[in-house]
Every structure is written in structure tokens, then in C-alpha cells.
Amino acid sequence: MKIGSADQAFDLQRIALARRTIGEDAMLMVDANCVYDVSSAIKMAKAFAPYSVTWFEEPVPMDDLDNCVQVAAAIDTPWPSGRIILHAGILKKLLPVVPPRFSKAIQP
């Protein structure tokens, strides 16, 4: 589901509602479309942790590898990567430097 509105509390309410609706056994994936900075992405991931989110797609811009690594190191929720990386050289640089939970799925 898409998240990343200016109102993080509203997004959290939507995540909670989605989890209640689909149940605990279904996968719940969220996509922020790169709208967060590092601290906001970490804050949001910690806030939705009780809802067992399967992955957190594009919490920060994917072309800023330092930010990606910072977020990945600080949260437990994995995220897929690569979908918006248009240059193969960036993807090659990304894969060796990120924690293993960062990219459970590559979306070239």
C-alpha cells in the first residue's frame, strides 16, 4: 500500500486498518515512494513495527546509498530495492554495501 503522506499518523491508521482487515497471516507491504529523509523513515518503520509489515519499499531516495545504508541498519523491516535505479552502475554499487536485510528482493 502507498504511504508517505504529510500526515504520518494518518498513514499509521491506514496500516493498522489494513492489518486488521487482511489478518495476521497475509503479507502487508508499504511503499513510500522515496518521500522520507533518514530520520523520518526510521521513525515510521519503528511506528509500524507492531503491524508486521513485510517490507518497506523505497523509504528514502535509492540513489543516495549512504541514506539507504543508514536506514537499513536502523530498522528491522526489509525492503526491496532497484526498481527506480535506472543505471546498472548504481545497482552494482548498492548490492555489496547494504546490510543483508536491505534487499530481500531486487526489482531491476
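Buried means under 20% relative accessible area, exposed means over 50%, and partly exposed lies in between (1.4 Å probe, protein chains only). This is a predicted model: local features need pLDDT of at least 70, side-chain atom pairs count only at pLDDT 80 or more, and totals for chains, interfaces and linings use all residues. Residues are numbered from 1 along each chain as its sequence is written, and side-chain values use heavy atoms, with hydrogens and water left out.

**View 1. Asp-11 in helix H1.** Asp-11 is buried, at 1% relative accessible area. Helix H1 covers residues 8–22. Helices (H or I, at least four residues) and strands (E, at least two) are DSSP runs, numbered from the N terminus. The Asp-11 side chain reaches the backbone nitrogen of Gly-4 at 2.8 Å. Contact means heavy atoms within 4.5 Å. Beyond neighbours within four places in sequence, Asp-11 is in contact with Ile-3, Gly-4, Ser-5, Tyr-36 and Met-44.

**View 2. Asp-31 and Lys-2.** Asp-31 sits in strand E1, residues 29–31. Asp-31 is buried, with a relative accessible area of 7%. Its side chain joins that of Lys-2 in a polar contact of 3.0 Å. A polar contact is a pair of N or O atoms within 3.5 Å; within protein, one must be able to donate a hydrogen and the other to accept it, and residues adjacent in sequence count only if both atoms are side-chain atoms.

**View 3. Cys-34 and Cys-68.** A disulfide is a pair of cysteine sulfur atoms within 2.5 Å. The sulfur of Cys-34 is 8.0 Å from its closest cysteine sulfur, in Cys-68, so it is too far for a bond. By this rule the count is 0 disulfides. Cys-34 is buried at 18% relative accessible area, and Cys-68 is buried at 0%.
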